Amino acid sequence: MPKSAAQAKAPDPLRIGLAVIAAITLYRVGMLAFSTAELFVDESQYWQWGQELDWGYYSKPPLIGWVLRAVTELAGSDATFWIRLPGPLFQAATALILMGAAREVTDRRAAMMVGVTYVTLPVVAVGALLVSTDTILLPFFAGSIWLYLTLTRSPSGRRALALGLCLGVGMLAKYAAIYFVIGAVIGAALVPAARIRWRDAALAALGFLLVVSPNLIWNLQHDFTTLSHTADNVDWVRRPGIHLNPQGAVEFLLSQFGVIGPVLFAAWLIIAPRALRRPDWQPRWLVWMSLPTLALVTLQALLSKAYANWAVTAVAAILLLVVPVLWHRGRMWLWVTLALNLAVTAFLPFAATQATNWTRESDGRLLMRRYVGQQAMSDRILEEARRQGVTAVVSGNRHLLAGLFHAAKGSGIEVYAVPAPEHPPHFYAQQHPFPADRQGPYLFATLGDAPPCPGPLPVATWKPGPGTYAKAVLSMYVREGTCWPAAAD
């Protein structure tokens with residue numbers, strides 16, 4: 001049989017990639033329906049943002065709140081399954097987009113492997129279990145890379161505007177989208193072939209500004225709350241003097257072996273320096289789309305601290321660079337990577353179904369205690385509020401407030417935060433402080449904070465069961481709103 005005929009009968013690699021991504025996503029969604037892992041405090045907070053649609057929020061831009069509102073409205077339910085459903089779906093979308101972007105730098109089979117490798121990454125396996133701003137950002141970040149690569153091949157005003165709009169939407173998901181601009185500017189400066197025409201760059205900038213301007217205006221109207229919180233995370237900016245944390249920098253770099261996978265990150269460390277010496281420009285550009293991000297976050301870890309996911313936007317360029325090389329020159333290592341990643345991919349969704357069962361032998365504590373106990377705590381507080389005949393619950397604890405807002409929806413019980421007029425420590429204190437003019441008793445719930453004013457002893461105390469609050473004691477007091485001087489400021 002002629003070779004061309006055999007190739008014609010061979011399955012399309014991109015369709016194989018689509019099938020693999022779809023199968024993994026269906027598995028994740030199916031297992032998510034049986035998960036016993038409760039919402040983490042950040043997830044509950046993102047859901048609450050969706051109840052109060054706006055152009056910005058205390059600690060993040062608004063897109064994740066919009067997405068969760070859209071999904072729960074369409075589902076007609078605020079259950080944990082629906083709140084987390086965007087996780088696996090957005091990760092699948094990112095895998096498909098990267099597979100398309102890979103066609104700009106490699107052949108169809110290697111492009112298929114880029115998509116399949118992405119959807120099995122350890123960081124993606126975690127991101128498909130929980131809903132986070134990283135997960136919402138990544139499809140738009142990957143889409144921006146794809147659009148930029150097409151512009152280097154064929155200038156287009158329409159696609160340039162689409163690039164700006166896509167990156168702008170990513171910026172509304174998380175400000176880490178700015179790493180694209182940093183990488184693209186450095187790449188264009190050092191790799192002449194990676195430069196797009198000035199007209200396209202201007203259109204992209206225009207589209208970007210059109211999308212992000214409402215959030216910038218919101219920040220201006222709210223004393224740059226979100227940007228200020230971001231600066232708090234990068235605390236060395238405001239801290240006098242320089243205090244180095246070399247251990248933190250080393251720990252961050254080592255964490256990338258877990259985020260991306262040991263083989264892939266080690267391969268990037270080897271391939272990236274060699275790519276800078278290659279005559280073809282795409283590998284060099286991809287280095288500059290990943291290296292500055294990792295370098296900047298490592299510097300942040302050196303000067304203060306950095307979490308493992310803070311450089312997750314580098315993953316897209318790393319895969320586009322590394323996977324084609326491994327496919328053509330070190331395929332065995334790519335199969336090893338997929339075998340390890342698939343084991344994690346299969347295990348984590350199942351582990352989430354056992355969140356209330358699996359314990360450590362050393363102390364008997366739940367392995368996933370971070371995601372167990374919030375619902376029971378919220379239910380106990382609301383139950384006590386009904387027993388005391390009050391219609392409001394107040395707390396100064398962000399974790400308690402996050403669970404209470406979700407659990408109290410539709411209950412007729414209002415939830416408020418301890419007022420903090422000078423500098424609200426979290427979203428709830430900023431947006432839901434106890435009203436100065438509210439009259440009548442309320443229930444104050446605390447895990448250690450003193451009640452807002454002197455008065456009777458707790459009406460109830462409660463020792464939570466296994467989970468995130470296993471070592472805490474919940475105390476509940478009945479107080480009057482008129483004794484709260486901070487609320488009148």
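**Entry 1: Asp200 and Arg197**

I looked up Asp200 and Arg197 and found that their side chains meet in a salt bridge, at 3.0 Å from N to O. For my notes, a salt bridge is a side-chain nitrogen of Lys or Arg within 4 Å of a carboxyl oxygen of Asp or Glu. I must remember that this is a predicted model, where local features need pLDDT of at least 70, side-chain atom pairs count only at pLDDT 80 or more, and totals for chains, interfaces and linings use all residues. Residues are numbered from 1 along each chain as its sequence is written, and side-chain values use heavy atoms, with hydrogens and water left out.

Are the two partners buried or exposed? Asp200 is buried, with a relative accessible area of 0%, whereas Arg197 is partly exposed at 37%. I use buried for under 20% relative accessible area, exposed for over 50% and partly exposed for in between (1.4 Å probe, protein chains only).

**Entry 2: Glu43 and Arg84**

Next I checked Glu43 and Arg84, whose side chains form a salt bridge at 2.8 Å, N to O. This pair links distant parts of the chain, 41 residues apart: Glu43 sits in helix α3 (residues 41-51) and Arg84 in helix α5 (residues 80-84). Helices (H or I, at least four residues) and strands (E, at least two) are DSSP runs, numbered from the N terminus. Glu43 is buried, with a relative accessible area of 3%, and Arg84 is buried too, at 1%.

**Entry 3: Glu383 and Arg387**

I then turned to Glu383 and Arg387, which meet through their side chains in a salt bridge of 2.9 Å, N to O. About one helical turn separates them, because they are four residues apart in helix α20 (residues 374-388). Glu383 is partly exposed, with a relative accessible area of 37%. Salt bridges with shared partners join Arg380, Glu383, Glu384 and Arg387 into one network. How many salt bridges does the structure hold? I noted 13.

**Entry 4: the chain as a whole**

Stepping back, I read off 22 helices and five strands for the protein chain. Its radius of gyration (taken over C-alpha atoms) is 25 Å, close to the 23 Å that the globule rule (2.2 Å times the number of residues to the power 0.38) gives for 489 residues, so the chain is as compact as a globular protein of that length. Along its principal axes the C-alpha trace spans about 85 × 50 × 45 Å. I also wrote down that 52% of the 489 residues are buried.
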